[in-house]
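Look at the sequence and the model together before reading on. The paragraphs below go from the whole chain to single pairs of residues.

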Amino acid sequence: MKDCPCGSNFPFTDCCGPLIRGTGFPDTAEDLMRSRYTAFTQKNWEYLVTTSHPEEKKEMARLGPSLLDDEVIWTRLEITNTRAGGQGDTEGQVDFVAYFTKEGAEQTLRESSRFYKVNGRWVYSRKDSTLPPVAISPQVKPKTVVRSEAKIGRNDPCPCGSGKKYKKCCG
């Protein structure tokens with residue numbers, strides 16, 4: 001069985017699959033967040049509209065699938081924080097980082113998403129969710145250090161010429 005794209009380590013058929021097919025409903029705001037991420041990986045616009053706040057569905061439908069970029073390949077979801085959004089709550093917030101590649105470059109999308117329970121079902125509110133000032137950014141990779149001189153080990157003779165080990169002298 002194939003693992004769910006949401007990163008839960010459960011098979012898709014037991015995780016987000018039933019939610020996206022409409023045979024089940026998310027129990028928590030985080031469950032809805034994960035299923036919406038999975039819908040993005042599948043470019044499933046209908047599910048994204050269906051799980052939007054009722055006051056925002058018309059706007060989402062108007063935007064159409066233009067929010068789904070064919071060049072984007074979603075690679076990983078990381079939930080960084082949740083506030084409320086449990087089974088007994090009426091609202092919640094989920095902070096996440098979504099990793100993706102576009103035109104061969106690794107990038108990230110960070111968002112603090114707001115969710116509300118409307119008529120007993122969790123929905124996503126686009127207008128109440130926040131993106132940091134730089135929401136989509138290239139994944140920064142550390143630069144490789146290239147030494148111009150040979151590395152001096154702790155037990156090597158000190159380069160100052162004292163005759164002591166480097167760790168007992170200038171190290």
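Predicted model: local features only at pLDDT ≥ 70, side-chain atom pairs only at ≥ 80, totals over all residues.

Residues are numbered from 1 along each chain as its sequence is written, and side-chain values use heavy atoms, with hydrogens and water left out.

The chain has 4 helices and 5 strands; both are DSSP runs numbered from the N terminus, helices (H or I) of at least four residues and strands (E) of at least two. Along the sequence, the order is α-α-α-α-β-β-β-β-β. Of the 171 residues, 36% are buried, where buried means under 20% relative accessible area, exposed over 50%, and partly exposed in between (1.4 Å probe, protein chains only). Contact means heavy atoms within 4.5 Å. Among contacts with a separation of 6 or more, 45% join residues 24 or more positions apart.

Helix H4 covers residues 57–63 and includes Lys 57. Lys 57 is partly exposed, at 32% relative accessibility. Leaving aside neighbours within four places in sequence, Lys 57 is in contact with Val 49, Thr 50 and Ser 52. Ser 125 is 68 residues from Lys 57 in sequence, and their C-alpha atoms are 9.7 Å apart.

Side chains of opposite charge can pair when their charged atoms come close. How many salt bridges does the structure hold? There are 7, a salt bridge being a side-chain nitrogen of Lys or Arg within 4 Å of a carboxyl oxygen of Asp or Glu. One of them joins Glu 59 to Arg 126, with the closest N and O atoms 3.4 Å apart. This pair links distant parts of the chain, since Glu 59 is in helix H4 and Arg 126 is in strand E4 (residues 121–130), 67 residues apart. Glu 59 is partly exposed at 37% relative accessible area, and Arg 126 is partly exposed at 34%.

Another salt bridge is formed by the side chains of Asp 95 and Arg 83, at 3.0 Å from N to O. Asp 95 belongs to strand E2 (residues 91–102) and Arg 83 to strand E1 (residues 72–84), so the pair ties together parts 12 residues apart in sequence. Asp 95 is buried, at 15% relative accessibility, whereas Arg 83 is partly exposed, at 33%. Arg 76 and Glu 78 also meet in a salt bridge, at 3.4 Å from N to O.
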